[in-house]
Amino acid sequence: MANNSAAVEIPKRALFKAAEVCEIVRVEPYVLRSWECEFPGLGVAKTPGAPRIYRRADVEQVVRMKHLLLVDGLTLAGARKRLEEEGAPVGADTPLDELLGRHARERITEVKRGLRALLDLLSGGDGELRLTPPPAARPRPMPVARAKPSRSDRSRAARRNDQRRAR
């Protein structure tokens, strides 16, 4: 794997976005997404629905996969088997906490405590959730609209105007 990594220069960082991985390895985004489907351990989603992030070891694995597929001519199944035989890439067991920051676990724990406190506040402290309905909105006063004159009223008004003009 060292000869593949030497050909592709990977910046000395811990985490990468999908677009950065595509640029480094020189593959299209749809190729990377298809490889993610075939290799579920590739990339880490911070939260469900969030963009995937890749560790340095993931980028090295993508470089190795590209070499196996394009240079060695293996299929995806063959590449998967070869990667399993070679073992997990170095650094793949690095906990995500270390990559995201030293105090990530403490921050997450603090957020959990805050959410639990909100839940207790909403539930009234007895474990049963009681949400009070929003206060009833005051009915808006109906706008007063002028009544349009009926057809007969208009014709009467027209007749009066005609009579005035005739005078």
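Read along the sequence, the secondary structure of this predicted model follows the pattern α-β-α-α-β-β-α-α-α-α-α, which amounts to eight helices and three strands; helices (H or I, at least four residues) and strands (E, at least two) are DSSP runs, numbered from the N terminus. Residues are numbered from 1 along each chain as its sequence is written, and side-chain values use heavy atoms, with hydrogens and water left out. Because the model is predicted, local features need pLDDT of at least 70 and side-chain atom pairs count only at pLDDT 80 or more, while totals for chains, interfaces and linings use all residues.

The accessible surface of the protein is about 13,300 Å², and 55% of this surface belongs to carbon and sulfur atoms; accessible areas come from the Shrake-Rupley method with a 1.4 Å probe, and for residues only the protein chains shown count as cover. Of the 167 residues in the protein, 21% are buried, where buried means under 20% relative accessible area, exposed means over 50%, and partly exposed lies in between (1.4 Å probe, protein chains only). Among contacts (heavy atoms within 4.5 Å) between residues at least 6 apart in sequence, 53% join residues at least 24 apart.

The largest nonpolar core has 22 residues, and those with the most contacts inside it are V21, V25, W35, L42 and V59. The elements that give two or more residues to this core are α2 (18-25), α3 (29-38), α4 (56-71) and α5 (76-86), and the largest share, six residues, comes from α4. A nonpolar core is here a set of buried Ala, Val, Leu, Ile, Met, Phe, Trp, Tyr and Cys residues joined through side-chain atoms within 4.5 Å. When residues up to four places away in sequence are not counted, V59 touches I10, F16, V21, I24, V25 and Y54.

Two further buried residues illustrate contacts between parts of the chain. F39, placed in the loop between α3 and β2 (44-45), is buried, with a relative accessible area of 6%. Residues up to four places away in sequence again being left out, F39 touches Q61, M65, L76, A79, R80 and L83, and its C-alpha is 9.9 Å from that of A77, although F39 and A77 are 38 residues apart in sequence. E36, found in helix α3, counts as buried because its relative accessibility is 15%, and, leaving aside neighbours within four places in sequence, E36 is in contact with L42, R52 and Y54. G78, by contrast, lies in helix α5 and is partly exposed, with a relative accessible area of 23%; G78 and L68 are 10 residues apart in sequence and 8.5 Å apart in space, C-alpha to C-alpha.

Side chains of opposite charge can pair when their charged atoms come close. A search of the whole structure finds seven salt bridges, each defined as a side-chain nitrogen of Lys or Arg within 4 Å of a carboxyl oxygen of Asp or Glu. One of them joins the side chains of E38 and R80 (2.5 Å, N to O), a pair that links distant parts of the chain, with E38 in helix α3 and R80 in helix α5, 42 residues apart. Both partners are partly exposed, E38 at 31% relative accessibility and R80 with a relative accessible area of 27%. R82 forms a salt bridge with D72, the closest N and O atoms being 3.8 Å apart; this pair also links distant parts of the chain, with R82 in helix α5 and D72 in the loop between α4 and α5, 10 residues apart. A further salt bridge is formed between the side chains of E20 and R13 (2.7 Å, N to O), where E20 is partly exposed at 28% relative accessibility and R13 is partly exposed at 38%.

A disulfide is a covalent bond between the sulfur atoms of two cysteines. When a disulfide is taken as a pair of cysteine sulfur atoms within 2.5 Å, the count comes to zero. Of the cysteines, C22 is buried, with a relative accessible area of 8%, whereas C37 is exposed, with a relative accessible area of 65%.
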